[in-house]
Amino acid sequence: MAKVNTTDYCNEQVLIAGLIAGDDCAFCEIIKRFQHTMLIVARAITGDTFADDVVQDAWVAIYKNIAKFEQRSSLKTWVMTIVSNEAKARLRRESRKVSLDELDGEVPGSYLDGANFTSDGHRSSPTPSWRSESPEELLEEKQLQHCINKTLNILPPAQKAAFILRDIEQESFDDIGNILQVSAANVRVLVHRARLTLLQVIDRFQETGTC
Amino acid sequence: MLTDNRNVIKKHLLSCKDVAHLASDYLDKNAGNKLNWKIRLHLLMCSCCRRFMRHLKITQQIAPQLIKKSEHEMDAGFVLQHIKDRTNISQG
Ligand SMILES: [Zn+2]
């Protein structure tokens with residue numbers, strides 16, 4: 001395999017041209033870039049059982065159809081839409097419906113439903129103070145990084161996918177809705193719940209220094 | 001399962017719980033003018049929610065970076081070979 005020159009691929013046009021030309025390096029680049037998020041999207045739609053298969057089917061579809069990619073969306077959105085379609089097709093084949101409730105199950109101790117508020121909507125206790133409110137300082141905390149990642153992995157699959165597509169991949173709420181097959185309003189709620197859970201992780205870290 | 005914001009919009013004054021429900025919409029500038037104004041009014045009066053909003057904003061800022069930092073390596077060549085094998089089988 002030729003030596004990978006990743007710098008060229010920062011330019012999406014160069015990357016797409018490479019993919020259409022059948023360049024292995026270009027494919028390895030998008031596999032590295034998207035595989036992880038594709039799995040998260042697949043899990044959010046089909047649950048764990050079929051997710052690996054769905055992603056493999058999606059890669060085959062991408063490999064075969066890349067020449068037909070018309071660039072009406074970004075490459076990433078196109079790839080995620082293919083995963084979404086493969087996941088939908090898989091659910092139909094298995095004639096099994098997975099409800100959003102199943103995939104967006106409540107996290108125990110969820111911020112809005114927990115003991116944080118009284119019945120009339122007041123706070124039960126003051127918002128905890130943080131020892132540090134400096135993002136730069138907090139980003140250096142290895143233990144916090146560990147706690148955040150640990151919690152991300154136990155979020156309900158739909159919340160995790162919505163959060164990653166929005167706050168990491170910077171997709172629009174509408175595109176995420178199309179990918180996850182829920183309304184944009186529901187995407188906003190999913191993202192918000194994920195952020196609140198991560199906020200509680202930082203609360204706990206600030207108080208105890210652990211997860 | 002999901003919260004309907006319409007009941008909140010009708011309210012004259014928001015509770016702390018309402019603000020907690022709407023906080024991401026506020027930070028993402030999705031709340032709309034009227035609701036935005038009500039949230040700001042609440043924040044003006046409530047130091048707990050001001051602190052909460054500040055903390056949520058920091059969370060939104062640092063959590064993605066802490067997650068990105070932990071991205072793992074994978075063997076892309078192996079995945080590609082698998083895709084090619086499957087493409088050949090399905091075409092042949
Ligand atoms: Zn308040």
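Q: How many residues of chain A are in contact with chain B, and how many of chain B with chain A?
A: This is a predicted model. In it, 52 residues of chain A are in contact with 46 residues of chain B.

Q: What area is buried between chain A and chain B?
A: About 4,800 Å². Carbon and sulfur atoms give 67% of that area.

Q: And how many salt bridges are there between chain A and chain B?
A: The count is 5 salt bridges. One salt bridge joins the side chains of B:Arg86 and A:Asp57, at 2.8 Å from N to O.

Q: Which helix of chain A gives the most to the side that touches chain B?
A: Helix 10 of chain A, with 11 residues. Other helices of chain A each supply at least two residues, including helix 2 (24-46), helix 3 (48-65) and helix 7 (142-152).

Q: How do the residues on that side of chain A divide?
A: Into 27 nonpolar, 10 polar and 15 charged.

Q: New topic. Which residues coordinate the zinc ion?
A: B:Cys16 (SG), B:His42 (NE2), B:Cys46 (SG) and B:Cys49 (SG), at 2.0 to 2.3 Å. In sequence, these donor residues are spaced C-x25-H-x3-C-x2-C.

Q: Which parts of chain B does the pair B:Cys16 and B:Cys49 tie together?
A: B:Cys16 lies in helix 2 (residues 16-27) of chain B and B:Cys49 in helix 4 (residues 47-68) of chain B, so the pair ties together parts that are 33 residues apart in sequence.

Q: What about the geometry of the zinc site?
A: The site is tetrahedral, with angles of 101 to 114 degrees among the 4 donor atoms.

Key. Residues numbered from 1 in each chain as written. Chains lettered and ligands numbered in written order. Predicted model: local features only at pLDDT ≥ 70, side-chain atom pairs only at ≥ 80, totals over all residues. Heavy atoms only, no water. Contact = heavy atoms within 4.5 Å. Buried area = accessible area lost by both parts, 1.4 Å probe. Salt bridge = Lys/Arg side-chain N within 4 Å of Asp/Glu carboxyl O. Helix = DSSP H or I, 4+ residues; strand = E, 2+ residues; numbered from the N terminus. Nonpolar A, V, L, I, M, F, W, Y, C, P; charged D, E, K, R; others polar. Donors = N, O, S within 2.8 Å, 3.2 Å for Na, K, Ca; no water. Tetrahedral: all angles 85-135°; square planar, octahedral: opposite > 155°, others 65-115°.
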